[in-house]
Protein chains: 2
Amino acid sequence: MSNPDQSPVSVDGPSALSDWETSTLEIFVRAVGLVGLPRSVGEIYGLLFCAMAPLTFDEITERLSISRGSVSQGLKLLRQLGAVKLHYVPSSRKDHYIAELSIKRLMRGFVKDQFKPHLDSGQARIEAIEQLIDGETSDAVKNHAYKRLSTLRVWQQRMRKLMPVILAVLGGASVLTNSEDKEADRQII
Amino acid sequence: MSNPDQSPVSVDGPSALSDWETSTLEIFVRAVGLVGLPRSVGEIYGLLFCAMAPLTFDEITERLSISRGSVSQGLKLLRQLGAVKLHYVPSSRKDHYIAELSIKRLMRGFVKDQFKPHLDSGQARIEAIEQLIDGETSDAVKNHAYKRLSTLRVWQQRMRKLMPVILAVLGGASVLTNSEDKEADRQII
DNA sequence: TATTTTGTTCATTTTTTATTGAACAAAATA
DNA sequence: TATTTTGTTCAATAAAAAATGAACAAAATA
């Protein structure tokens with residue numbers, strides 16, 4: 001039997017989370033933690049993921065028992081990432097939110113918003129480093145530094161190649177990989 | 001001219017970082033931040049990445065001006081990840097460290113150590129959720145919850161497919177992707 | 001064996017990050 | 001226009017994470 005130490009289904013809010021919702025939120029809290037986002041963001045997304053119908057701002061604060069400030073900021077970020085969408089409900093003045101369920105779109109939003117900018121600023125930094133190496137006095141150091149810089153450039157390039165492949169795999173595409181990845185996928189095109 | 005506001009090359013340690021080293025460390029500090037590791041870990045790896053020769057524990061604390069505790073913990077983590085290796089130096093009692101320069105091995109270590117465990121525990125959690133849903137009373141809720149659970153399962157599956165593909169791309173492999181990824185790569189096998 | 005060298009552990013302190021909630025703005029309704 | 005509803009912002013607070021360094025262990029040397 002689940003739901004230990006809470007006889008009725010609700011402890012604080014008028015409509016507390018059910019067991020399967022709680023466990024599902026936990027998954028999302030961990031997942032967002034993995035990519036460096038605050039737990040409240042995982043909770044909000046998780047709640048919307050579980051919901052049968054679009055939720056309002058107030059329903060989110062109430063069911064999660066977190067502050068209006070956290071919900072406002074969390075929803076703002078999630079909208080930026082394309083992870084939640086506004087859903088217009090005719091009868092109500094309030095905004096209603098729903099979770100984006102396509103993992104491909106989720107990942108695309110994350111990559112575009114959080115990963116790509118880092119990659120681009122990294123590229124700029126690499127260019128700047130070349131100038132700094134030019135200023136070195138010792139030739140031995142210079143040569144060594146250039147070698148390392150070249151490694152950084154290769155890494156940068158490979159990371160760029162990675163992004164479309166990730167989106168393809170998450171989108172359900174099959175890829176023919178090289179001999180090291182026999183397990184991954186066998187279907188061609 | 002670089003190196004502003006520090007007339008000699010050194011401010012604190014006997015051998016402070018040169019400009020290109022500082023900028024390179026910055027790249028690694030940002031990179032490790034992106035995956036949720038402390039800045040000291042990025043600094044240590046970055047320093048070893050830049051170094052022409054294996055460095056000792058003391059050289060690392062001194063050049064980075066960080067505590068022995070941080071260096072010890074940072075090196076421990078980096079060794080776990082396979083991102084730095086011990087390098088035996090006959091003349092010296094001290095341990096000498098070098099940076100792993102293969103991005104594929106770096107990523108493999110990270111995936112194995114940080115990503116895979118999350119994926120596995122996620123899988124376990126998903127199985128547990130099925131039990132919780134069974135306990136729901138309403139049939140409508142039950143059906144909806146099973147649908148969401150099925151989505152989680154698909155995501156889990158796709159994430160697993162992703163890992164070998166990532167390693168292949170970073171290892172320099174070419175992949176034939178589907179029509180959405182024309183740009184990524186054209187070479188077959 | 002006593003001493004030094006080398007590196008680790010972990011309780012404490014510092015720093016960073018997230019959360020809160022009161023004050024605020026914008027828009028709808030009365 | 002006055003009032004209510006809805007949501008945002010941001011300074012203050014709380015919580016979490018990282019860094020420190022002294023105490024410790026392990027191993028080499030004297």
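Two strands count as paired when DSSP finds at least two bridges between them. Keep that in mind for this tour of a predicted model.

Stop 1: Select β1 of chain A, residues 55-56, and then β3 of chain A, residues 96-99. These two run antiparallel and are joined over 2 bridges. Zoom in on L55(A), and you will find Y97(A) of β3(A) standing opposite.

Stop 2: You have an open sheet of 3 strands on screen, with antiparallel pairing and the order β1-β3-β2.

Stop 3: Select residues 39-50 of chain A, which form helix α2. Helix α2(A) lies across β1, β2 and β3 of chain A, and runs at about 85° to β3(A).

**Stop 4: two helices together.** Keep α2(A) in view and select helix α1 of chain A, residues 19-34. The two axes come within 8 Å and cross at roughly 135°.

To see the contact, show side chains on both helices. From α1(A), the residues include L25(A), F28(A) and V32(A); from α2(A), they include Y45(A), L47(A) and F49(A). By class, this contact has 10 nonpolar, 4 polar and 3 charged residues.

Notes
Residues numbered from 1 in each chain as written. Chains lettered and ligands numbered in written order. Predicted model: local features only at pLDDT ≥ 70, side-chain atom pairs only at ≥ 80, totals over all residues. Helix = DSSP H or I, 4+ residues; strand = E, 2+ residues; numbered from the N terminus. Contact = placed C-beta atoms within 7 Å. Axes fitted to C-alpha atoms, helices over the stretch in contact; angles between N-to-C directions. Nonpolar A, V, L, I, M, F, W, Y, C, P; charged D, E, K, R; others polar.
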